[in-house]
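Me: I would like a close look at one part of this model, taken slowly and with its surroundings. Which pieces meet there, and through which residues?

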Amino acid sequence: MRLKSWRLEAGRSQGDCANALRLEGGARSFQRIETGKNKPDADMVERIVAMTGGQVTAADMHLTRLDWLRENRPERFAEATQ
């Protein structure tokens, strides 16, 4: 399950999740992780997995990041397709 889907189903705000994860940048930092713009460190991924009760996995976080990169930085994948 993607983090944003989990958050919306749980009825939680980005700010609430940021506070639960102790993110210094608050809701904006959480939003960047949620969309895949920022790649969270391994310890943050583990805190996300714990916060979601395992409904969001490390693999889900990886896929979110890949989706963002493919949409916003397609040049990073150009060599792999040649």
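Reply: Take helix 3 and begin with its packing on helix 2 (residues 14-21), where the angle is about 95 degrees and the axes are 8 Å apart. The axes are lines fitted to C-alpha atoms over the stretch in contact, and angles run from 0 to 180 degrees between N-to-C directions. Helix 2 and helix 3 are therefore roughly perpendicular to each other (65 to 115 degrees; under 35 is roughly parallel, over 145 roughly antiparallel, the rest oblique). On the helix 2 side the contact (heavy atoms within 4.5 Å) is made by Gln14, Gly15, Cys17, Ala18 and Leu21. Helix 3 answers with Gly26, Ala27, Phe30, Gln31 and Glu34.

This is a predicted model, in which local features need pLDDT of at least 70 and side-chain atom pairs pLDDT 80 or more, while totals for chains, interfaces and linings use all residues. Numbering starts from 1 along each chain as its sequence is written, and side-chain values use heavy atoms, without hydrogens or water.

Helix 3 spans residues 26-35 and also packs against helix 1, residues 3-10. Here the angle is about 125 degrees, and the axes are again 8 Å apart. That angle makes helix 1 oblique to helix 3. Leu3, Lys4 and Arg7 make the contact from helix 1, and Phe30, Ile33 and Glu34 make it from helix 3.

Neighbours within four places in sequence aside, Phe30 is in contact with Leu3, Arg7, Gln14, Cys17, Ala18, Leu21, Leu23 and Met51.

From Ser29 to Asp41 it is 12 residues in sequence and 13 Å in space, C-alpha to C-alpha.

Helix 5 is another neighbour. Its buried residues are Asp60, Met61, Thr64, Arg65, Leu66, Trp68 and Leu69, and they pack against helix 1, helix 3 and helix 4 (42-51).

Between helix 4 and helix 5 runs a loop that holds Gln55. Gln55 is partly exposed, with a relative accessible area of 44%. Gln55 and Cys17 lie 38 residues apart in sequence, with 14 Å between their C-alpha atoms.

As for the whole, the protein has five helices and zero strands (DSSP runs of H or I, at least four residues, and of E, at least two, numbered from the N terminus). Of its 82 residues, 32% count as buried. The C-alpha atoms fill a box of roughly 45 × 25 × 25 Å along the principal axes.

Technical notes: Buried means under 20% relative accessible area, exposed over 50%, partly exposed in between (1.4 Å probe, protein chains only).
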